[in-house]
Amino acid sequence: MTDQPSSFDNNDQGVDLGALRDRIDTLDQRILDLISERAACAQQVAHVKLAEDPEAVFYRPEREAQVLKRIMALNKGPLAGEEMARLFREIMSACLALEKPVRAAYLGPEGTFTQQAALKHFGDSAVCKPLPAIDEVFREVEAGAANYGVVPVENSTEGVVNHTLDSFMDTSLRICGEVVLRIHHHLLVGSNTRRDKVSRIYSHSQSLAQCRKWLDAHYPHAERVAVSSNAEAARRVKSEWHTAAIAGDMAARLYGLERLEEKIEDMPDNSTRFLIIGNHDVPPSGEDKTSLVASMRNQPGALHDLLEPFHRHKVDMTRLESRPSRHGLWNYVFFIDFKGHQEEPRVQAALEEVRLRAADVRVLGSYPVGVL
Ligand SMILES: O=C(O)C(=O)C[C@]1(C(=O)O)C=C[C@@H](O)C=C1
C-alpha cells in the first residue's frame with residue numbers, strides 16, 4: 001500500500017506544492033469568514049429566543065439532529081458524511097457556547113466511555129463534569145447544577161444498565177436524546193510492563209465480560225480483577241508493574257498508556273447506548289423515538305394488554321425491559337421504547353389506549369434518534 005490520497009491522479013503531478021498551499025490559504029480564509037458569519041447568526045438566534053422567553057432553552061436537540069442529517073445528505077465527499085458531521089458538530093458546539101455554554105454531568109470518572117459519549121453528543125465546547133454514580137448524575141440535573149446528564153442505558157453484548165432504569169422510577173427528568181457509541185476495548189499497559197509478564201488484568205466487570213473469549217485465549221492464567229470503571233483500571237495500571245487494563249481510547253490517552261492489543265472485544269459490533277437527560281420536552285425532529293415506563297396490575301395477560309395498542313396503531317417497538325417495582329412484592333414495571341414522537345397522532349392514539357389499560361404510565365421523553 002502506498003500513502004497516496006484516494007483522489008490522487010496523474011493530473012495532480014503538474015501542480016506545485018506552493019500553489020496548492022496558496023489555494024488552501026484562500027479556502028481557509030473563506031471557511032473562517034463563513035464560520036464567523038454563522039457564529040454571529042447563532043448569537044442573533046439567542047437574542048430572538050430571549051425576546052420570546054426570558055427562560056429560553058438555548059440547546060435544541062431536534063434542530064441539531066436536523067442540521068447534522070442535512071449536512072450528511074448534502075455532503076459530496078471526498079470526506080465521509082460522518083466525518084463532515086463531526087466537524088459541524090464542533091462548529092455547532094462552539095456556536096451554542098456563544099449563546100450559553102451547556103453544562104453536562106456524566107457518569108465518571110474522566111476517561112470513561114460515558115465521557116466519550118458526552119463529547120460526541122455535545123461537542124468540545126460543552127462544560128462536562130464527571131460524577132461517581134448514576135443517581136448523582138440524575139440529582140445534579142434535578143438540582144439545576146447541570147443542564148443535562150449523560151448515563152449509559154444498554155450495551156449490545158451485556159444488556160441493560162439497571163441503575164439507569166431504576167433511577168427513572170423516581171424522577172421527573174425527561175430523556176432529551178440518545179448517543180450510540182461503538183465500544184472498542186484495548187489491552188493497555190504502562191511503559192514498564194512487557195507482554196509476556198502480564199499477571200493481572202483490571203477492568204469494569206462489563207468490559208471483562210465483553211472480552212471474555214479473547215482473555216481466555218490470550219491470557220488464560222492472568223488474574224481478572226473487576227474495578228469500578230475502565231478509567232479506574234487504567235489509573236491503577238499507570239503506577240503498577242506487570243498489570244494491564246482493559247479500557248478505551250480516552251483512558252489510554254488520559255493516563256498515557258501503551259496499547260498492547262487493540263479492539264479485543266469479542267463482538268465486533270459491540271456498542272453502548274447512552275441517554276441524555278434534562279428538564280424539558282423536545283419537539284419533533286422528523287426521526288424520533290419515545291421512551292415510557294408503565295406499571296401493570298399483576299394479572300394474566302397484562303403484558304399482552306399493554307403492548308397490543310402499539311401493534312394495532314402500527315407503532316414500532318424497539319425495546320422492552322422489565323424491572324421489579326419498588327412498591328409491592330412481585331409487581332413489575334416495563335420500560336418501552338418505540339419509533340415516533342409523542343406529538344404524532346398515531347402515537348397519541350396508542351398512548352391513550354395504553355393509559356386506560358395500565359395502572360400507571362409515564363412518558364419519559366420523545367427525542368431525536370442518535371445521528372452520529
Ligand atoms: O437553531 C438554533 O436554535 C440555534 O441556537 C443555533 C444552533 C446552531 O448552531 O445551528 C446552535 C445551538 C442549538 O442547539 C441548535 C442550533
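The following legends describe an overall view and several close-up views of a predicted model.

**View 1. The protein as a whole, with its helices and strands.** The protein of this predicted model has 372 residues, of which 37% count as buried. Its secondary structure comprises 12 helices and 15 strands. Along the principal axes, the C-alpha trace spans about 75 × 60 × 40 Å. Among contacts in the protein with a separation of 6 or more, 74% are between residues 24 or more positions apart.

View 2. Strands in a sheet are paired through hydrogen bonds of the backbone, in a parallel or an antiparallel manner. In the sheet shown here, the strand order is β13-β14-β12-β15 and the pairing is antiparallel. Strands β13 (317-324) and β15 (360-368) form the edges, each pairing on one side only. From one strand to the next, the twist averages 15 degrees.

**View 3. The pairing of β13 with β14, and the helix packed on the sheet.** Strand β13 and strand β14 (residues 332-339) run antiparallel and are joined by 7 bridges. Within this pair, L320 stands opposite I336 of β14. Helix α6 (residues 162-169) packs on the sheet, where it touches β12 (288-295), β13, β14 and β15. The direction of α6 makes about 80 degrees with that of β13.

**View 4. The crossing of helices α5 and α6.** The packing of two helices is described by the distance between their axes and the angle between them. For helix α5 (residues 134-142) and α6, the axes come within 9 Å and cross at roughly 35 degrees. The crossing of α5 past α6 is right-handed. On the α5 side, the contact is made by I134, D135 and F138, and on the α6 side by H163, T164 and S167. By class, this contact of α5 with α6 has 2 nonpolar, 3 polar and 1 charged residues.

Key. Residues numbered from 1 in each chain as written. Predicted model: local features only at pLDDT ≥ 70, side-chain atom pairs only at ≥ 80, totals over all residues. Helix = DSSP H or I, 4+ residues; strand = E, 2+ residues; numbered from the N terminus. Buried ≥ 20, exposed ≤ 12 C-beta atoms within 10 Å, placed from the backbone. Contact = placed C-beta atoms within 7 Å. Pairing = 2+ DSSP bridges. Axes fitted to C-alpha atoms, helices over the stretch in contact; angles between N-to-C directions. Left-handed = near helix turned anticlockwise from the far one by under 90°. Nonpolar A, V, L, I, M, F, W, Y, C, P; charged D, E, K, R; others polar.
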